[in-house]
Structure formats: structure tokens, C-alpha cells
Amino acid sequence: MDSPLILFLFMSDREILEKAEARVLVPSYYATVEKVGKKEAALWLMKRIRDIERHYGMGFERRVRTYMREVDEQELLND
């Protein structure tokens, strides 16, 4: 398996930044679910993604949701 450093060196700046956004959005989404429920949290997440998309361009939502799934499945300690 490739080391994280080697993989990092081949990632574009945009990809690195978008993955960082995903790492912020996933735990924020779960915290919002606990506070206001799943429906409101989903609306919050959609609005937040749309706001951020202005910085990263079209297709950000699809890309960040992919990264969010990766973060959720591989990086978070889910109970």
C-alpha cells in the first residue's frame, strides 16, 4: 500500500482542500443531527455545500459527498 505522504504528493491543491472541507462537514453534520434532527441537518448540509461550492466551482457537491463518504467510512470512529 502507498504511504499517505506519497498519495498526498500526487493530489491537486483543490482535491486537498475539498477533502479538508469534507473532514469538517462530516462531524459537523453529525453534531447538527444530534441537536436538531436528521431532516434539519440535511437541509443545513445542503445549504453549506451550496455556499462552499462558489469557491470550488461546479461539481463540488458531487466531489465533496464522495469525500464525505470516504471520511465517514474510513476515518471516523463510528459507534
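Trainee: In what order do the elements of the protein run from the N terminus on?

Mentor: The order is α-α-α-α. The protein has 4 helices and 0 strands. This is a predicted model, where local features need pLDDT of at least 70, side-chain atom pairs count only at pLDDT 80 or more, and totals for chains, interfaces and linings use all residues. Residues are numbered from 1 along each chain as its sequence is written, and side-chain values use heavy atoms, with hydrogens and water left out.

Trainee: Why is Lys19 called buried?

Mentor: Buried means under 20% relative accessible area, exposed means over 50%, and partly exposed is in between (1.4 Å probe, protein chains only). Lys19 has 17%, so Lys19 is buried. Lys19 lies in helix α2. Leaving out residues up to four places away in sequence, Lys19 touches Met11, Tyr67 and Glu70 (contact means heavy atoms within 4.5 Å). Across the protein, 25% of the 79 residues are buried.

Trainee: Which residues of α2 and α4 meet?

Mentor: On α2 they include Glu15, Lys19, Ala22 and Val26. On α4 they include Phe60, Val64, Tyr67 and Val71. The contact divides into 9 nonpolar, no polar and 10 charged residues. Ala, Val, Leu, Ile, Met, Phe, Trp, Tyr, Cys and Pro count as nonpolar, Asp, Glu, Lys and Arg as charged, and the others, Gly among them, as polar.

Trainee: At what angle do α2 and α4 pack?

Mentor: About 65°, with axes 8 Å apart. Axes are lines fitted to C-alpha atoms, for helices over the stretch in contact, and angles run from 0 to 180 degrees between N-to-C directions.

Trainee: What lines the second largest pocket?

Mentor: Val26, Tyr29, Tyr30, Arg65, Met68, Arg69 and Asp72. The elements giving two or more residues are α2 (13-36) and α4 (60-75). The largest share, 4 residues, comes from α4. By class, the lining has 4 nonpolar, no polar and 3 charged residues.

Trainee: What makes a set of points a pocket?

Mentor: On a 1 Å grid over the protein atoms alone, a pocket is an open set with protein on both sides within 12 Å along at least five of seven lines. Lining residues have an atom within 4 Å of a point.

Terms used: On a 1 Å grid over the protein atoms alone, a cavity is a set of points where a 1.4 Å probe fits but cannot get out, and a pocket is an open set with protein on both sides within 12 Å along at least five of seven lines; lining residues have an atom within 4 Å of a point.
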